Amino acid sequence: MKWLLFVVLFLVLLLLLIMISRLKIYIEANHLRDDDHIKIRFSIWFGLIRYTINVPMVAVDKESPSIVFKKEQKASVSTGANKKKEKFSVKNLLADYHDSKLILSRVVDMIPIVRSFLKKISVTKFEWHSHIGVGDAAHTGVLTGLGWSIKGTIVGLISHHLNLKTHPDYSITPSFQFVVSETSLRCMFHFRIGHAMVAGIRVIKRWRGGIPKFHSSTLSKLSETDSDKKSV
């Protein structure tokens, strides 16, 4: 009986520890002409547990109207990295849009739940610098003004919906004589895992109806699993 109480107490303490732990996410994206690289790192407990996703190459597929990228996944507890080649096309984008509308229609008060969770996300680093030029001074000036407008809008949305704890550092350097296309993004944010768990529980409690038929490959597996359970 004492061992059972010890195990229960240990599991409760472990759950509480996980809930108060902060999940840190670091995003690094670089674009240099035709060379692209994206790195996303997840870490908890001061980096004791880490999971990194590297996308070292992004290119347009010659055989189909889609974007091809190589993805490398590596965890702190694994011995090697998992590398694979994936494609993303307009079809995938439409499927994700369709699934998002389905989820919004099935969950009551989905928008307030998402807004409440976003306010729990703290942004501690935001750096976004670009260097652009099309070889023509007038066109470069128009493009630079458009870029400033886009970046200002994005920063405004981040400061409005998330907890921005740092001064955003972003700039656009025009090149009026040469063709240049470079950008560098560094972003770091974190939130408590317990807040994400509470948001997930609220979504489940307010879900109405069964699991619909999703179009995206990831969510469609969930629909197939649910239909298999019902058939059994």
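Strands β1 and β2 (residues 35-44) run antiparallel and are paired through nine bridges; strands count as paired if DSSP finds at least two bridges between them. This is a predicted model, in which local features need pLDDT of at least 70 and side-chain atom pairs count only at pLDDT 80 or more, while totals for chains, interfaces and linings use all residues. Residues are numbered from 1 along each chain as its sequence is written, and side-chain values use heavy atoms, with hydrogens and water left out. Helices (H or I, at least four residues) and strands (E, at least two) are DSSP runs, numbered from the N terminus.

**Strand pairing**

- Histidine 31 has threonine 183 in β9 as its bridge partner.

**Aromatic pairs**

- Rings of Phe, Tyr and Trp (its six-membered ring) pair if their centres lie within 6.5 Å; planes under 30 degrees apart are stacked, over 60 edge-to-face, and the rest tilted.
- The count by this rule is five aromatic pairs.
- One of them is edge-to-face: tryptophan 3 and phenylalanine 6, at 6.2 Å centre to centre with 85° between the planes.
- Both residues of that pair, tryptophan 3 and phenylalanine 6, lie in helix α1 (residues 2-20), three residues apart, or about one turn of the helix.
- Tryptophan 3 has a relative accessible area of 69% and is therefore exposed (buried is under 20%, exposed over 50%, partly exposed in between, with a 1.4 Å probe and protein chains only).
- Tryptophan 148 and tyrosine 170 form a tilted pair, 5.8 Å centre to centre and with 55° between the planes.
- This pair links distant parts of the chain, since tryptophan 148 is in helix α4 (residues 137-161) and tyrosine 170 is in strand β8 (residues 169-174), 22 residues apart.
- Tryptophan 148 is partly exposed at 37% relative accessible area, and tyrosine 170 is partly exposed at 26%.

**Two serines**

- Serine 116 belongs to helix α3 (residues 110-118) and is partly exposed, with a relative accessible area of 30%.
- Serine 122 belongs to strand β6 (residues 122-134) and is buried, with a relative accessible area of 4%.
- The side chains of serine 122 and asparagine 163 are joined by a polar contact of 3.4 Å (a pair of N or O atoms within 3.5 Å; within protein, one must be able to donate a hydrogen and the other to accept it, and residues adjacent in sequence count only if both atoms are side-chain atoms).
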